[in-house]
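Here are my notes on the model you sent over.

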Amino acid sequence: MKCILFLCCITTLGVASASAQGEAALPFLLLSPSAVSRGMGETSVALFRDDPFASIDNPAHLGMFSRSNYFSAGYDYSVWLPQFQQSDLTLNIFGFNGGVNLKKQFGIAPELSVGLGYSRLRLDLGGFSVTSPDGPEVITTFDAYETADNYSIGVGYHYWISVAAGYTFKQVNSVLSPFNVQGQDRSGSVEFSTYDIGLFLSAPVMEIIGDATGSPVTIGSDVRPLLDLNVGLAKNNMGDEMVVYIDPDQADPQPRYARAGVGIELGFAYAKDQTDWRPVFFSWTRESNDLLVVRYPAPTDSNGNPFGDPPPPGYREGFGDIRFIDDLILGKSNPDAIIKTGWQIDFGEVVSFRGGTYDASDRSGGRLFTTSGYTIRLAGMFKILNLLDVRAESGSILATIMDHIDVRYTRGDVSADDPYGLIPNDAYSSWTLKFSQ
């Protein structure tokens, strides 16, 4: 049963990474690592998120995070393939970010912000027993797992619009069988490094209009309408090193991946004294993703019969089959890419509800499912108390907590039509602590 479940895990991940071009090794690197992202159709690149997992998909989020936050830390957990009721198939993510706004803290102009982050993703594939070739006697046991340690940096520039860029160095380990396989003096494990790059742009339309006219756009004296237009781009697993487990002749490429997305955010903000509160805020995003791996067919003779070995796999340049206008603006289907859509509505910065869809054609893995989720936040409750003049004594520890600390619980769920299929009906749960500027 363990072996069957192990194969199901690998098959599920392989389906997730399939595309019109071909498959790659280590598809666990393509997993959506965040409960927020999971709840929004696995979208992640074009809506700014200040949780410590956002930089795993797009490291440019760190450049935005550092504009108004000092620190965040969080833990994300999910039971993988829960329909098989194997509690040792789990996905665990831990991460933390730190940031500083150089203009706010040191008076350095123009407004620049710098963020650093670390996260660790671990996929546990369960425990296995090694038996004797002469019978069912157990010789030893081992745990199969895969990990990725991510070290990220992001820089943001803020003048009318915000532009952020980021870079992640990634150390990857995959241990599928830590012993001599078939007497070839090689274990079924691999260790290598790769990297991600990302870009994020945000245009706060109402602020730009206010700056251009010299008068803030307001409703009454205290309410401001909000409208932000976003674009996000990222390329993940950009290394060229081939992944070799046992036989170098069967090496596989890394899962190089392209992400492009657009997002829109709109709502209202109410300001009183030092408190800026958003009573309602709506976000929507659409992404197009493509695996950039190319596998070439074997050469053929004049009769079309294949002969010899196929050329080694390679990578496509740019963003592959992503069609920016058709996929992102017009919302057309793309047989060679994965289209993701997500939405979120936030009430009073206390509770958020979200949902989304994930649509991959048969040539891109053939997965179609919906997602949902929610977040409960402490910061919004503190802001409401401040607005009601229920404030702590200025300068006290409680006042610092109410002004700067946020604690969040988030859940993200995937709903598939087939409860025993290869699309996991899983749920991600996460806790996040954030300290804002």
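**Notes on the model**

1. Salt bridges to begin with: the count comes to 18. Keep in mind that this is a predicted model, and I'll come to the confidence values next. Five of the residues involved, Asp50, Arg377, Asp406, Arg408 and Lys434, are linked in a network of salt bridges.

2. How far can you trust it? Mean pLDDT for the protein chain is 85, with 88% of the residues reaching 70 or more. Where pLDDT is low, the predicted coordinates should not be read in detail.

3. Overall make-up: the protein chain has nine helices and 16 strands. It runs to 437 residues, and 51% of them count as buried. Take the contacts between residues at least 6 apart in sequence: 67% of these join residues at least 24 apart.

4. Now look at the loop between β7 (223–236) and β8 (257–272), which holds both Asp240 and Arg256. These two form a salt bridge, with the closest N and O atoms 2.8 Å apart. The partners are 16 residues apart in sequence, so the bridge ties together parts of the chain separated by that stretch. Which of the two is buried and which is exposed? Arg256 is the buried one, with a relative accessible area of 9%, whereas Asp240 counts as exposed at 60%.

5. Asp252 sits in the loop between β7 and β8 as well. Its side chain meets that of Arg295 in a salt bridge, at 2.6 Å from N to O. Arg295 is in the loop between β10 (293–294) and β11 (314–315), and the pair links distant parts of the chain, 43 residues apart. Both ends are partly exposed: Asp252 has a relative accessible area of 26%, and Arg295 comes in at 34%.

6. One more pair to check is Arg122 with Asp124, a salt bridge whose closest N and O atoms are 2.9 Å apart. Here Arg122 is partly exposed, with 25% relative accessible area. Asp124 is at 17%, which is under the 20% cut-off, so it counts as buried.

7. On helix packing, have a look at α8 (residues 379–387) against α9 (residues 397–404). Their axes are 8 Å apart and the packing angle is about 115°. Angles from 65 to 115 degrees count as roughly perpendicular, and α8 and α9 are therefore put in that class. From α8 the contact uses Phe382, Leu385 and Asn386, and from α9 it uses Ile401, Met402 and Asp403. By class, that gives four nonpolar residues, one polar and one charged.

8. Helix α4 (residues 61–68) is worth a look too. Six of its eight residues are buried, so the helix is largely enclosed by the rest of the structure. The buried ones are His61, Leu62, Gly63, Met64, Phe65 and Ser66.

9. Most residues other than glycine have a negative phi, and most peptide bonds are trans. Which residues does the cis peptide bond with omega of about 0° join? They are Ala109 and Pro110, and Pro110 is found in the loop between α5 (102–106) and β3 (111–131). Glu42 has a phi near 65°, a positive value in a residue other than glycine. You'll find Glu42 in the loop between α2 (35–39) and α3 (54–57), and at 5% relative accessibility it counts as buried.

10. Trp160 also has a positive phi, of about 65°, although it is not a glycine. Where is Trp160 placed? It is in the loop between β4 (138–159) and β5 (161–180), and it is partly exposed, with a relative accessible area of 41%. Ile209, in helix α6 (residues 205–213), is 49 residues from Trp160 in sequence, with 9.5 Å between their C-alpha atoms. Ile209 counts as partly exposed too, at 40% relative accessibility.

Note on methods
Residues numbered from 1 in each chain as written. Predicted model: local features only at pLDDT ≥ 70, side-chain atom pairs only at ≥ 80, totals over all residues. Heavy atoms only, no water. pLDDT = per-residue confidence, 0-100. Axes fitted to C-alpha atoms, helices over the stretch in contact; angles between N-to-C directions. Helix = DSSP H or I, 4+ residues; strand = E, 2+ residues; numbered from the N terminus. Parallel < 35°, antiparallel > 145°, perpendicular 65-115°, else oblique. Contact = heavy atoms within 4.5 Å. Nonpolar A, V, L, I, M, F, W, Y, C, P; charged D, E, K, R; others polar. Salt bridge = Lys/Arg side-chain N within 4 Å of Asp/Glu carboxyl O. Buried < 20%, exposed > 50% of the residue type's maximum accessible area, 1.4 Å probe, protein only.
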